[in-house]
Amino acid sequence: KTAIRPVSGIIEVAGNFTRSAIFKRAGMSPEAIGLFDRRVYVTVFYLGEHEAQQDLLHGRVLHKLAGVLRPAQIRMLARANFGDAASELDGTEDAILDRAARTKLLRILVVIAGEGPKANGIPEMFYPSEYLNRDPILRHVGALITDGRYSGATYGPCIGHASPEALEGGLIGALRTGDLVFMDTGGGRIDVLDAAASWTADGTFAPVALDPVALAARPEHAERIAWLRERRLNIPSTVRLLLDATTTCMEGVTPIGLAAHEAKALVKRPGGPAVSVP
């Protein structure tokens, strides 16, 4: 039989802030994938779904980057992503952020952390993805990554099931608004960049991943874990016990490669079934 397309509609990616996440590109043409793949994204970070949902619904996501990106940085990012086409932004100062987005010369990564299995039961990020794709500007320049989940109802570039989740120290919870992220789903990679090291002296771009140790040392990382633990106290204790017993998304996504993800080893007791041990 002949495959409909040369690649699967979902692929696993990993990087310096997630050991396993699932990129859904089903429903996207190869041309559309090409417009999003191997690009530098500017992060807009949210801890929890609620604020992200409201900002996406009311068109406030782009405003989060106002004051974070300087005009020169916007032009450099556009040139890194789209080469000579970015000359359209040369000389522009006023409203350059809006213009870069409207001309599709900017890429934005909406990050929603704190919605993983143990933190909040891994709810579906249907409405954030729906609102992103209703937005006349963001639908052409935005992608979503979350430690929550998505289903077949979402469309557009969406990365979910990121593990480890933020509650368990996953570095998706250490990202900041304004971080640069390089997405290469063809190579199975997504990394937050060392911005200073990624630009050469002559202004050209070569992605250099940020050291995960530096990412984990960010003070807001520990603060966010504490906030997520506090939020869990609003969940009934019986439900919390169920959430505590859930496995990570890595174990659901890559059951054959569990050893590579530092999963528990299987051993066999004499005369008994295989059991899981640390």
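This is a predicted model: local features need pLDDT of at least 70, side-chain atom pairs count only at pLDDT 80 or more; totals for chains, interfaces and linings use all residues.
Two strands count as paired if DSSP finds at least two bridges between them, and by that rule Phe 23 stands opposite Ile 159 in strand 6. Residues are numbered from 1 along each chain as its sequence is written, and side-chain values use heavy atoms, with hydrogens and water left out.

**Overall picture**

- The protein chain holds 12 helices and 10 strands; helices (H or I, at least four residues) and strands (E, at least two) are DSSP runs, numbered from the N terminus.
- Of the 278 residues in the protein chain, 49% are buried, where buried means under 20% relative accessible area, exposed over 50%, and partly exposed in between (1.4 Å probe, protein chains only).
- Among contacts (heavy atoms within 4.5 Å) in the protein chain between residues at least 6 apart in sequence, 65% join residues at least 24 apart.

**Strand 6 and its neighbours**

- Six of the six residues of strand 6 (residues 158-163) are buried, so this strand is largely enclosed by the rest of the structure.
- Strand 2 (residues 20-24) pairs with strand 6 in the antiparallel sense over four bridges.
- Strand 5 pairs with strand 6 in the parallel sense over two bridges, and Leu 144 has Cys 158 in strand 6 as its bridge partner.

**Backbone features worth a look**

- Most residues other than glycine have a negative phi, and most peptide bonds are trans.
- His 161, in strand 6, has a positive phi of about 60° although it is not a glycine; His 161 is buried, with a relative accessible area of 18%.
- Ala 95, in the loop between helix 3 and helix 4, also has a positive phi, near 55°, but Ala 95 is exposed, with a relative accessible area of 56%.
- A cis peptide bond, with omega about -10°, joins Ser 163 and Pro 164, and Pro 164 lies in the loop between strand 6 and strand 7.

**Nonpolar cores**

- A nonpolar core is a set of buried Ala, Val, Leu, Ile, Met, Phe, Trp, Tyr and Cys residues joined through side-chain atoms within 4.5 Å.
- The largest one has 40 residues, and those with the most contacts inside it are Val 61, Leu 106, Ile 108 and Val 110.
- Among the elements that give two or more residues to this core are strand 3 (39-47), helix 2 (49-57), helix 6 (126-134) and strand 7 (180-184).
- A second, separate core of 31 residues includes Ala 21, Val 111, Ala 174 and Leu 175.
- Leaving aside residues up to four places away in sequence, Leu 106 touches Val 42, Leu 62, Leu 97, Ala 100, Ala 101 and Val 141.

**Helix 6**

- Pro 128, Ser 129, Glu 130, Tyr 131, Leu 132 and Asn 133 are the buried residues of helix 6.
- These buried residues pack against helix 2, strand 4, helix 7 and strand 5 (142-146).

**The cavity**

- On a 1 Å grid over the protein atoms alone, a cavity is a set of points where a 1.4 Å probe fits but cannot get out, and lining residues have an atom within 4 Å of a point.
- The structure holds one cavity of 30 Å³ or more.
- The largest cavity has about 40 Å³ of space, a volume being the space filled by probe spheres set on the points, which are joined across faces, edges and corners.
- Its lining includes Ala 162, Ser 163, Pro 164 and Cys 249.

Technical notes. On a 1 Å grid over the protein atoms alone, a cavity is a set of points where a 1.4 Å probe fits but cannot get out, and a pocket is an open set with protein on both sides within 12 Å along at least five of seven lines; lining residues have an atom within 4 Å of a point.
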